[in-house]
Amino acid sequence: MTICEVYGSRVPNISRTLTTGEEISAHAVFSNAFALLLKLWRFNHPPVEHGIGDVPPVGSQLTPEYLLFVRNSHVVSPENVIKDPNRRRLARVASFSSPESIFVDSFPKLKAWYRQHLACIASPLSGLVNGTPVHQTVNALLNMMFRKINRGSPSVISISSGSSSSSGVGIEDNLRPKLPAWDILEAVPFVADAALTACAHGKLSPRELCTGLKDLADYLPATLATIVSYFSAEVTRGVWKSVSMNGTDWPSPTANLSNIEEQIKKILAATGESSPAVLPLPLAAFVSLTITYKLDKSSLRFLDLAGPALESLAAGCPWPCMPIVASLWTQKVKRWSDFLLFSASRTVFLHNNDAVIQLLRSCFSSTLGLSSTCISCNGGIGALLGHGFGSQFKGGISPVAPGILYLRIYRSIRDIMFLREEIITILMHTVKDIARFGELKKAKNGMNYGHFSLAVAIIKVKLAASLGATLIFLSGGPGLLQSLIKETLPSWFMSFHQYEQQGESSGIFPMLEGYALAYLAGLSGMFIWGVNSSSTASRHRPIALGCHMKFMANAVDGQISLGCDPATWRAYVSCFLSLIVRCTPEWVSEVDVEVLTRLSQGMRRWNEKKLALALLGVGGVRTMASAAELIIETDS
């Protein structure tokens, strides 16, 4: 931040050339520091890219202010009381640069740029006043970028009506303006907007647009970050027309697009129908600009900024934008084809919830070995996550394990709340398949083998529930869990289900159904809330758990009418209470004494005397009186 603030404020009057041929100037030092700052901390990325699970997509904590707050916390904390060796090392480094706290006001240029960056993402550009220094800088940069077009004629692009391309900066035809880097970055959004508008109205050809943008990025490499932010914001606004990637105006992916789509079909086993190769204008300009870069050391550091943004932006656009981008880059760099194919294949799930549901079904069936089409019919983690991916494997590109695909897409699912019902629905279908398998074994081999098959079925149910809990933990965190516990599960138990009307509620299925839901709820809570109060997420536990336990007590007492099979409900309550008594006794201490007492009495009526006493036993001193009464009643 300090290097950016200082060197970004200097005019690049002096430059030196190293023995490697690399030129060192104020612009070069600033660009390298700025690129490293953004690459490390990503606070320039659109806020939606930071939205994970229940974390709000707006107002990411990855801001310059937050980074300095973290840095200051290392300085303030005495090194001898920090146990973590990494934190001790960071404290030493932070103290070495400055022993005092540093705030963002110490970097006014960086602060001003960041505010403009956020404004550019939030709304269309405005506020450029004719005749101001920023306006003059904009015209100077446009003149530099399109000097070959402007030579001998009035400016093709001008930010103000009727003005020529000349400005008060004093730029000559073949000279680049001598301007501080921060002043250039302030003008870049307006420059990019003017150039893109001129291209949209036919005043600039696509080749001239990309050449001009490349000249600007070569002049000050750090401008690429601002160009990326501008293009990303404009694509998401959806106000620009789409352009045909026909090979005449814009680069064509045709030579490779059909191959890319065929490879995606192998990965996913199904894709949408073919579509014309068109991209939104800002995205077309963005990808065309990136493929003009040479893949040398000096360019890669800046492509590292543009690459993730380009991938995220193309993935968020309608199909087949990402395959088109992948085709263009695969034509340029064939060794990146596996990565680009994988990135393109995941976009199917970002625009279609039905595809996400199918992927979840594949995760369950492959893990439990219930599908003949999965990678390994034996199931397990190997089938869920696979054993690699890429064209280097025997047979070339092959179907990718569903777990790996889900790990690539879950952060980008916009509506995570629909996963609550879907995970439960898929879990219940999985349990039904397990129960049918157990009943078949029982009928084939007799009652003795039936006892064994029940034990195997329960193991598989636990495995399925643990997968469901993992998906809830990954996808939604505390928010999704709280909604599951307080809303979805009570609603499910109070509803009638289709299988009951079809006569499928006999045998071991209702009991396994209850066990599966109990393990889903219990394991989700353990993964997200923790077994004790050490995690920050545990602060959400008392209210959500108390609400759910009260619902259970009311239903056990007959105050709530349930629509599910009684065997399902009984198995759920017994299994859930046993689970928290054995594994999370601290949870029980957070539940109201009256609720615990009512549940304990209900377990006694169900002849679950040991569970009734154990529930009160882990309740601590608060439940001693109720436990004593239970013992007396039991003995009598």
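D557 has a relative accessible area of 31% and therefore counts as partly exposed, where buried means under 20%, exposed over 50% and partly exposed in between, with a 1.4 Å probe and protein chains only. The model is a predicted one, in which local features need pLDDT of at least 70 and side-chain atom pairs count only at pLDDT 80 or more, while totals for chains, interfaces and linings use all residues. Residues are numbered from 1 along each chain as its sequence is written, and side-chain values use heavy atoms, with hydrogens and water left out.

**Salt bridges**

D557 forms a salt bridge with R605, and the closest N and O atoms of this pair are 3.1 Å apart; the term stands for a side-chain nitrogen of Lys or Arg within 4 Å of a carboxyl oxygen of Asp or Glu. Because D557 lies in the loop between helix 24 and helix 25 (566-583) while R605 lies in helix 27, the pair ties together parts that are 48 residues apart in sequence. Helices here are DSSP runs (H or I, at least four residues), as strands are (E, at least two), and they are numbered from the N terminus. R605, with a relative accessible area of 51%, counts as exposed.

In the whole structure, a search finds nine salt bridges. Another of them joins R541 to E590, with 2.7 Å between the closest N and O atoms. R541 belongs to helix 24 (residues 541-556), whereas E590 sits in the loop between helix 26 (585-588) and helix 27 (593-605), so this pair ties together parts that are 49 residues apart in sequence. The two partners can also be described by their accessibility: R541 is buried at 0%, whereas E590 is partly exposed at 25%.

A salt bridge also links E421 with R420, the closest N and O atoms being 3.4 Å apart. In this pair E421 is partly exposed, with a relative accessible area of 37%, whereas R420 is buried, at 15%. R420 and E421 are linked with E487 in a network of salt bridges.

**Aromatic rings**

The structure holds 16 aromatic pairs. One of them is formed by F30 and F34, which are stacked, with 5.2 Å from centre to centre and 15° between the planes. Rings of Phe, Tyr and Trp (its six-membered ring) pair if their centres lie within 6.5 Å, and planes under 30 degrees apart count as stacked, over 60 as edge-to-face and the rest as tilted. Both F30 and F34 lie in helix 2, four residues apart, which is about one turn of the helix. W113 and Y114 form a tilted aromatic pair, with 6.4 Å centre to centre and 40° between the planes. The accessibility of these four residues can be read from the table.

| Residue | Relative accessible area | Class |
|---|---|---|
| F30 | 0% | buried |
| F34 | 0% | buried |
| W113 | 5% | buried |
| Y114 | 8% | buried |

Elsewhere, one aromatic cluster is formed by W492, F493, F551, W569, Y572 and F576.

Aromatic rings also take part in contacts with charged side chains. The charged end of K214 sits over the ring of Y293, at 4.6 Å from its centre, and R10 lies over the face of Y7, 5.1 Å from the ring centre. A charge sits over a ring if NZ of Lys or CZ of Arg is within 6 Å of the ring centre and within 35 degrees of the ring normal.

**A surface patch**

L36, L40 and W41 make a nonpolar surface patch of about 320 Å². Patches are made of residues with over 30% relative accessible area and no salt bridge, with like charges joined within 9 Å and nonpolar side chains (Val, Leu, Ile, Met, Phe, Trp, Tyr) within 5 Å; accessible areas come from the Shrake-Rupley method with a 1.4 Å probe, and for residues only the protein chains shown count as cover. W41 lies in helix 2 (residues 26-41) and is partly exposed, with a relative accessible area of 40%.

**Annotated regions and one backbone angle**

According to the unreviewed UniProt entry, the annotation "transmembrane region" covers residues 452-474 and 514-531; UniProt positions are given in the numbering used here, feature names are shortened, and annotations may be inferred rather than shown by experiment. For residues 514-531, the end C-alpha atoms lie 22 Å apart, and the span is 89% helix and 0% strand.

Finally, N607 has a positive phi of about 70°, although it is not a glycine. N607 lies in the loop between helix 27 and helix 28 (609-617), and with a relative accessible area of 59% it is exposed.
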